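Subject: Structure handover

Hello,

Here is the structure we spoke about. Please open it next to this message and follow along.

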Amino acid sequence: MQSCGPEWTLEVANLTVKWIVGLIDMQSFYASVEVATRHAYVRVRTLEKDDSDPALAVTGDPTRRSGIILAATPAAKVCGVSTAMRLGEALRVCPSLVCVPPRMQLYIDTSVRIHETVRQTFPKYEPFSVDECFFAFPSPSDLFPNPVQAAADLRDRIWDQFRIRSRVGLAPNKWTAKMANKAAKKVPGGVLWWRSQADVLDAIHLLPVTDMWGVKRRAVTLQTELGCSTIGDVAKLPMGRLRARLGVWGDVIHRWANGLDFSDLNADTMSLPHRGYSHRTTLPRDYTCRKEVAVVILELLDEVCARARQAQQKGRRIGLGLTYAGLTGGFYKAKTLPFASNHSETLYPTLLELLDGHWNRSGVRAVSVSLDQLGFDDGLQLNLLEDIPRRQALWDTVDQVRRDYGETSLMRLSSLLPAGQLRERAHKIGGHTA
Amino acid sequence: MKINEGNVFEALRILLPEHRAATVKYRQERERPKPPTWDEQHLEELDAMLQEAVVAKNPVRIWITTNGEEHSVQGVIVTTDPDTLTVITKESRRYQLNLREITWIEVE
């Protein structure tokens, strides 16, 4: 019998102890936090009734991106409001919609505390995003004699302390826990446990391919080229065929379709040294002029390099991503250099090469710059053409001034051009109001 | 390491740098040693001892905890303010102690 993962079983006396993996996610996180902080709704809200929350949405800045919905409560969704919808349209389908601006720092602070609650309850924990995390515990065990109860207790505790609703999927591994979490939406009590690989397969084999979490655009390939309409169809495909068509993702998709996943839970996620730094910005309008795009690339590069310098790291691979108008289409291309750097002037020419080599001249709506293949900054690499120590001293000074007086205390002249985004980005978290 | 060899979710995870920073800071704060809290009875005892010591100018030994480190000072209390206590040691050195940092007082 195939186990659901190599390390997951342990024989103790005559008892087989397995690990149960859970995925917990918060309901409409930003919107729920906003509702939870408003005194007017305190008494009416209950854990089990989604409709005890008002129709409320967190919206982005109406002046910059025609205001889109960042998050909406279930009551708003029932009215027809959905994430990424334009504010105007949302108000048309739901005239009584309460709209509030985002408070990113509050969401982060709340998230940190909810994550800590999960982390302190179970032996294994791994964050996945601001509003979801994995956890795992052995079963059977004295500490968690009833897995579903343990998950329900966690859900109750989060409601008690934060007044945020959550949902838990329990399953033999991470991917199935994620799928169980989605299915838990329809379960009263918000907790669903798929106990074995057999239970998993029963639950997922008739689902459409598009329901496979994490597969996205490859789902189209599975449907059109490989003739799969259900997850069961994917499971029956020989691994060789999947691997030939999809490379290493073929392996992953084959396992997933069969209810297997060998991903471990990494406890050090939050405090691990970074493997790369990446900054992205969405522009207020489509940029069509090369000079304008170049200004934004330089600003993002400065940010990425500043973070690398702060961590005393340098990177060998520099990447540029562009997203075109309508937020569809674009590219991401990276180049590995023969040396590592954390200086903008050294890396900028390569970014311009990537821009000129891959941009099809469509309007650009989002730009990202990433620096990876990091190594530590020890050992000065000398270059006959550049005065590296002097350059380092310059950047050390710039970094110090910006740390003491803020990001906009010292800017490149180009950031003052209309195309520059630095001043807009300076007071935001994740692109939204802190 | 390729995607099919390890933690697939490592590649799919989205965490804002501000989130990471807030988490690290929160965990550090929780682990910091905090000043001890006293109960009513303990406070009353200390109060009585202090008053006696000040009036009679008896030497006392005071323990304080600053940033997790504990020190003690021995001397005579000369002035008491709303938040500080001034002590003069045998070597005629003056110390101003923050009342909130005091953990124990012994009259000698």
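**Salt bridges**

Over all chains, the rule counts 25 salt bridges. A salt bridge here is a side-chain nitrogen of Lys or Arg within 4 Å of a carboxyl oxygen of Asp or Glu. Before the details, two notes on the ground rules. This is a predicted model, in which local features need pLDDT of at least 70 and side-chain atom pairs count only at pLDDT 80 or more, while totals for chains, interfaces and linings use all residues. Residues are numbered from 1 along each chain as its sequence is written, chains are lettered from A and ligands numbered from 1 in the order in which they are written, and side-chain values use heavy atoms, with hydrogens and water left out.

Start with A:Arg167 and A:Asp25. Their side chains form a salt bridge at 3.2 Å, N to O. This pair links distant parts of the chain: A:Arg167 sits in strand S8 (residues 166-171) of chain A and A:Asp25 in strand S2 (residues 15-26), 142 residues apart. Helices (H or I, at least four residues) and strands (E, at least two) are DSSP runs, numbered from the N terminus. Both A:Arg167 and A:Asp25 are buried. Buried means under 20% relative accessible area, exposed means over 50%, and partly exposed lies in between (1.4 Å probe, protein chains only).

Next, look at A:Arg245 and A:Glu225. Their side chains meet in a salt bridge at 2.4 Å, N to O. Again the pair links distant parts of the chain, 20 residues apart. A:Arg245 belongs to helix H11 (residues 239-246) of chain A, and A:Glu225 to the loop between helix H9 (217-224) and helix H10 (231-236). A:Arg245 is partly exposed, because its relative accessible area is 37%. A:Glu225 has 46%, so it is partly exposed.

The pair A:Asp372 and A:Arg317 makes a salt bridge at 2.7 Å, N to O. A:Asp372 is buried at 17% relative accessible area. A:Arg317 is partly exposed at 26%. Salt bridges that share partners also join A:Arg45, A:Asp50, A:Asp53 and A:Arg165 into one network.

**Where chain B meets chain A**

How many residues does each chain bring to the contact? Chain B gives 23 residues and chain A gives 39. Contact means heavy atoms within 4.5 Å. The area buried between the two chains is about 2,800 Å², and carbon and sulfur atoms give 64% of that. Buried area is the accessible area (1.4 Å probe) that two parts lose on being put together, summed over both. In chain B, B:Asn4, B:Phe9 and B:Arg27 lose the most area to chain A, together 25% of what that side buries.

Two salt bridges cross this interface. B:Arg13 and A:Glu126 meet through their side chains in a salt bridge at 3.2 Å, N to O. Helix H1 (8-12) and helix H2 (17-31) of chain B each supply at least two residues of the side that touches chain A. The largest share of that side, ten residues, comes from H2(B). By class, the side of chain B that touches chain A has eleven nonpolar, five polar and seven charged residues. Ala, Val, Leu, Ile, Met, Phe, Trp, Tyr, Cys and Pro count as nonpolar, Asp, Glu, Lys and Arg as charged, and the others, Gly among them, as polar.

A cis peptide bond joins A:Ser139 and A:Pro140, with omega about 0°. A:Pro140 is in the loop between strand S7 (132-139) and helix H6 (147-162) of chain A.

A:Gln312 is not a glycine, yet its phi is positive, about 55°. A:Gln312 lies in the loop between helix H13 (290-310) and strand S11 (313-324) of chain A. Is A:Gln312 buried or exposed? It counts as exposed because its relative accessibility is 52%.

A:Thr59 is in strand S3 (residues 56-59) of chain A. A:Thr59 is buried, with a relative accessible area of 6%.

Best wishes
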